[in-house]
Every structure is written in structure tokens, then in C-alpha cells.
Amino acid sequence: MVADLAPAYRYDQRGTGQSPWEGRHSLTRHVDDLAELLDAWDVPKAVLIGHFYGTDLASRFCMTHPNLLRPQRPS
């Protein structure tokens with residue numbers, strides 16, 4: 001729905017979907033994983049959208065990495 005507006009990325013969080021259940025699991029680790037993915041994808045700023053646990057992850061990411069968030073334009 002947004003691919004024609006901006007690049008859109010999806011991934012399986014550690015231990016979900018096709019991602020193996022390896023290493024430690026915590027909200028902090030998932031935030032670190034997301035930061036590493038954005039870096040690997042060379043994404044300097046991002047708008048995060050989450051569902052269920054993804055909202056917790058997005059919220060924590062916003063608090064710990066505010067410099068990576070793209071400011072929203074007023075409507």
C-alpha cells in the first residue's frame with residue numbers, strides 16, 4: 001500500500017516466521033536487531049509501523065533511536 005510512496009521493508013523478527021530461534025530474546029535484542037537491519041539496508045531515516053508486539057518494538061525503538069526517525073509532515 002505504500003511501496004509507490006517510499007521503500008517498504010518487512011522482516012521476520014528473531015524467532016518468528018522463517019527466522020531461526022537463536023541467541024537471546026528480549027525487547028532490547030529486537031530493538032538492536034532492527035537498528036542493525038536499518039543500517040544494513042542503508043536506511044538513514046524511517047517511519048515504523050507495527051502490529052501487536054511490533055508496536056512495543058517500534059515504541060522502544062523510537063525512545064532509544066530518535067535520530068533514525070523521519071519526522072511526520074503535518075496533514
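Contact means heavy atoms within 4.5 Å. The exercises below use this criterion on a predicted model.

**Exercise 1.** Determine how many helices and strands the chain has, and state the extent of its C-alpha trace.

*Solution.* The assignment gives two helices and zero strands. Along the principal axes, the C-alpha trace spans about 40 × 25 × 25 Å.

**Exercise 2.** Classify the orientation of α1 relative to α2.

*Solution.* Step 1: α1 covers residues 27–40 and α2 covers residues 53–64. Step 2: the two helices pack at an angle of about 70 degrees, and their axes are 9 Å apart. Step 3: angles of 65 to 115 degrees count as roughly perpendicular, and therefore α1 is roughly perpendicular to α2.

Step 4: on the α1 side, the contact is made by Leu-27, Thr-28, His-30, Val-31, Leu-34, Ala-35 and Leu-38. On the α2 side, Tyr-53, Asp-56, Leu-57, Arg-60, Phe-61 and Thr-64 take part. Step 5: by residue class, this contact comprises eight nonpolar, three polar and two charged residues.

**Exercise 3.** Identify which residues of α1 are buried, and what they pack against.

*Solution.* Step 1: buried means under 20% relative accessible area. Step 2: in α1, Arg-29, His-30, Val-31, Asp-33, Leu-34, Ala-35 and Leu-38 are buried. Step 3: the buried residues of α1 pack against α2.

**Exercise 4.** Compare the reach of α1 with its expected span, and describe the backbone just after this helix.

*Solution.* Step 1: α1 has 14 residues and reaches 20 Å from its first C-alpha to its last. Step 2: this reach is close to the 20 Å expected at 1.5 Å a residue. Step 3: just after α1, Asp-42 adopts a positive phi of about 55 degrees.

Notes: Residues are numbered from 1 along each chain as its sequence is written. This is a predicted model: local features need pLDDT of at least 70, side-chain atom pairs count only at pLDDT 80 or more; totals for chains, interfaces and linings use all residues. Side-chain values use heavy atoms; hydrogens and water are left out. Axes are lines fitted to C-alpha atoms, for helices over the stretch in contact, and angles run from 0 to 180 degrees between N-to-C directions. Helices (H or I, at least four residues) and strands (E, at least two) are DSSP runs, numbered from the N terminus. Angles under 35 degrees count as roughly parallel, over 145 as roughly antiparallel, 65 to 115 as roughly perpendicular and the rest as oblique. Ala, Val, Leu, Ile, Met, Phe, Trp, Tyr, Cys and Pro count as nonpolar, Asp, Glu, Lys and Arg as charged, and the others, Gly among them, as polar. The expected span of a helix is 1.5 Å times one less than its number of residues. Buried means under 20% relative accessible area, exposed over 50%, partly exposed in between (1.4 Å probe, protein chains only).
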